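Please examine the structure shown below.

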Amino acid sequence: MGEQNIEQNVSEANRQAFMKSLLEEVRALDAMLEKGMIESGVSRIGAEQEMFLINEARQPALTALDVLKKVDDDRFTHELGLFNIEANLSVQELRSDCLSRMEAEAQEVYSKARAAAHKCGSEIALVGILPTLTMQHLGLESMVPIPRYHALNDAVMALRGHDLQFTINGTDQLMVKHDNLMLEACNTCFQVHFQVSPEDFARLYNIAQVVTGPLMAAAVNSPILLGKRLWHETRISVFEYSVDARSATHQTRGLKPRVHFGNHWVEDSVSEIFKEDIARFRVILTTETEDDPLAMVAQGIAPNLRALCLHNGTVYRWNRACYGVHNGVPHLRIENRVIPSGPTVLDEIANTAFFVGMMAGMSNKYEDIRDHITFDDVKANFIAAARAGIRAQMNWF
């Protein structure tokens with residue numbers, strides 16, 4: 001969703017043209033995979049640090065734009081809410097002291113954000129869901145005034161056709177009715193990006209799915225939303241609801257929500273994920289695209305695949321497949337989105353070490369993880385961990 005030049009009020013003609021571009025870009029991706037153009041043989045990690053801004057009363061502070069001016073650092077950017085900011089950490093090659101270097105930068109970023117926040121009369125809080133949030137903080141006046149956020153809000157609400165309504169049952173019960181997307185801003189996380197070789201993508205993505213349950217169980221820290229005690233990691237439930245674009249009819253027909261874990265293993269290639277999401281989820285935003293990505297590939301030039309990346313940014317798998325180009329070289333990443341922010345930087349790095357360690361250990365030990373556990377068990381483990389945290393009962397091998 002980092003794309004700035006998005007089109008609002010998408011007409012059906014624009015949507016069809018964008019869909020045509022999407023399909024061409026998937027073909028271009030398949031061609032790159034076939035030609036071996038995508039970077040291979042190196043593993044890297046990176047992360048996005050999301051943060052809450054709070055005032056002296058520990059309530060949300062709508063100071064994001066002021067803090068970003070004070071911090072004056074290209075690593076920082078805004079998020080959906082005026083009480084959130086985000087910092088993008090440097091990419092580290094997965095070797096030697098990469099986690100120590102990530103920790104040092106995360107601590108530096110946290111300190112820099114705090115210093116800037118103090119100048120604006122606010123403070124930084126690292127937590128998956130800020131316990132002091134109330135419905136009064138979730139109006140459109142708390143949304144960052146950027147066109148793409150309002151476009152996404154308008155598009156999702158139009159597709160839904162009615163106010164957001166849901167119930168979460170935990171120790172308490174929360175019943176919500178809301179008229180915009182700002183519930184998504186209740187969530188902050190420490191998103192870890194894991195670069196993989198294209199030939200290993202399917203195998204490693206399946207492993208990422210398997211380890212997400214244990215990772216979630218160890219990392220939970222968001223049991224309270226709007227004053228109610230709910231799941232141990234309530235982010236998982238509330239995020240699924242907050243960007244649910246399904247109408248009542250679509251829900252009745254069993255159409256999947258845009259936030260989801262997945263329903264089956266990946267068989268061969270990353271393009272399976274992109275193709276499934278294009279087939280399943282309606283285009284809600286469009287942008288300018290490259291004229292002929294297939295011709296670019298034929299010339300050995302890596303296209304940016306803007307349409308594919310934008311559409312991918314409106315579908316929220318908990319392990320998201322990502323395509324990117326750096327210095328003209330395309331690469332693939334698995335973005336793990338389940339680790340919550342905080343409660344300290346050290347906790348976030350420990351959770352990252354657990355994720356990376358499980359990925360490395362299982363990829364060395366198991367040729368095909370699908371031979372050892374069913375996908376239904378993997379998905380059930382994920383939900384159990386979100387609900388019960390470290391007490392979750394899991395099916396394992």
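## Structural briefing

Aspartate 72 is found in the loop between α2 (64-71) and β3 (76-78), where helices (H or I, at least four residues) and strands (E, at least two) are DSSP runs numbered from the N terminus. The model is predicted, so that local features need pLDDT of at least 70 and side-chain atom pairs count only at pLDDT 80 or more, while totals for chains, interfaces and linings use all residues. Residues are numbered from 1 along each chain as its sequence is written, and side-chain values use heavy atoms, with hydrogens and water left out.

**Backbone features**

- Aspartate 72 has a positive phi of about 45°, although this residue is not a glycine.
- Glycine 342 and proline 343 are joined by a cis peptide bond, with omega about 0°.
- Proline 343 lies in the loop between β16 (329-336) and α11.

**Helix packing: α3 with α11**

- Two packed helices are described by the angle between their axes and the distance between the axes.
- Helix α3 (residues 98-119) packs against helix α11 (residues 345-365) at an angle of about 150°, and their axes are 10 Å apart; axes are lines fitted to C-alpha atoms, for helices over the stretch in contact, and angles run from 0 to 180 degrees between N-to-C directions.
- α3 and α11 are therefore roughly antiparallel to each other, under a scheme in which angles under 35 degrees count as roughly parallel, over 145 as roughly antiparallel, 65 to 115 as roughly perpendicular and the rest as oblique.
- The crossing of α3 and α11 is right-handed; a crossing is right-handed if the near helix is turned clockwise from the far one by less than a right angle, and left-handed if anticlockwise.
- On the α3 side, Leu99, Met102, Glu103, Ala106, Gln107 and Tyr110 meet Val345, Leu346, Ile349, Thr352 and Ala353 of α11, contact meaning heavy atoms within 4.5 Å.
- This contact of α3 with α11 comprises eight nonpolar, two polar and one charged residues; Ala, Val, Leu, Ile, Met, Phe, Trp, Tyr, Cys and Pro count as nonpolar, Asp, Glu, Lys and Arg as charged, and the others, Gly among them, as polar.

**Helix packing: α5 with α12**

- The axes of α5 and α12 are 8 Å apart, at a packing angle of about 20°.
- α5 and α12 are therefore roughly parallel to each other, and their crossing is left-handed.
- Gln209, Val210, Thr212, Gly213, Met216 and Ala217 of α5 meet Phe375, Val378, Asn381, Phe382, Ala385 and Ala386 of α12.
- By class, the contact of α5 with α12 holds eight nonpolar, four polar and no charged residues.

**Helix packing: α2 with α3**

- α2 and α3 cross at roughly 115°, and their axes come within 8 Å.
- The crossing of α2 and α3 is right-handed.
- Val67, Lys70 and Val71 of α2 make the contact with Lys112, Ala113, Ala116, Ala117 and Lys119 of α3.
- Five nonpolar, no polar and three charged residues make up the contact of α2 with α3.

**Cavities**

- The model has two cavities of 30 Å³ or more; on a 1 Å grid over the protein atoms alone, a cavity is a set of points where a 1.4 Å probe fits but cannot get out, a pocket is an open set with protein on both sides within 12 Å along at least five of seven lines, and lining residues have an atom within 4 Å of a point.
- The largest cavity has a volume of about 80 Å³, a volume being the space filled by probe spheres set on the points, with grid points joined across faces, edges and corners.
- The lining of the largest cavity consists of Tyr205, Gln209, Phe261, Gly262, Asn263, His264, Trp265, Val266, Glu272, Ile273, Glu276 and Arg317.
- Two or more of these lining residues come from each of α5 (201-219) and α8 (271-280), and α8 gives the most, with three residues.
- The lining of the largest cavity divides into five nonpolar, four polar and three charged residues.
- The second largest cavity, of about 40 Å³, is lined by Leu22, Phe274, Asp277, Ile278, Leu308, His311 and Asn312.
- α8 and α10 (306-312) are the elements that give two or more residues to the lining of the second largest cavity, which has four nonpolar, two polar and one charged residues.

**Second largest pocket**

- The second largest pocket holds about 320 Å³ of space.
- Trp231, Ile236, Glu240, Val259 and Ile383 are the closest to its centre of the 19 residues that line the second largest pocket.
- At least two lining residues are supplied by each of β7 (164-169), α6 (235-242), β12 (259-260) and α12 (375-388).
- The lining of the second largest pocket has ten nonpolar, five polar and four charged residues.
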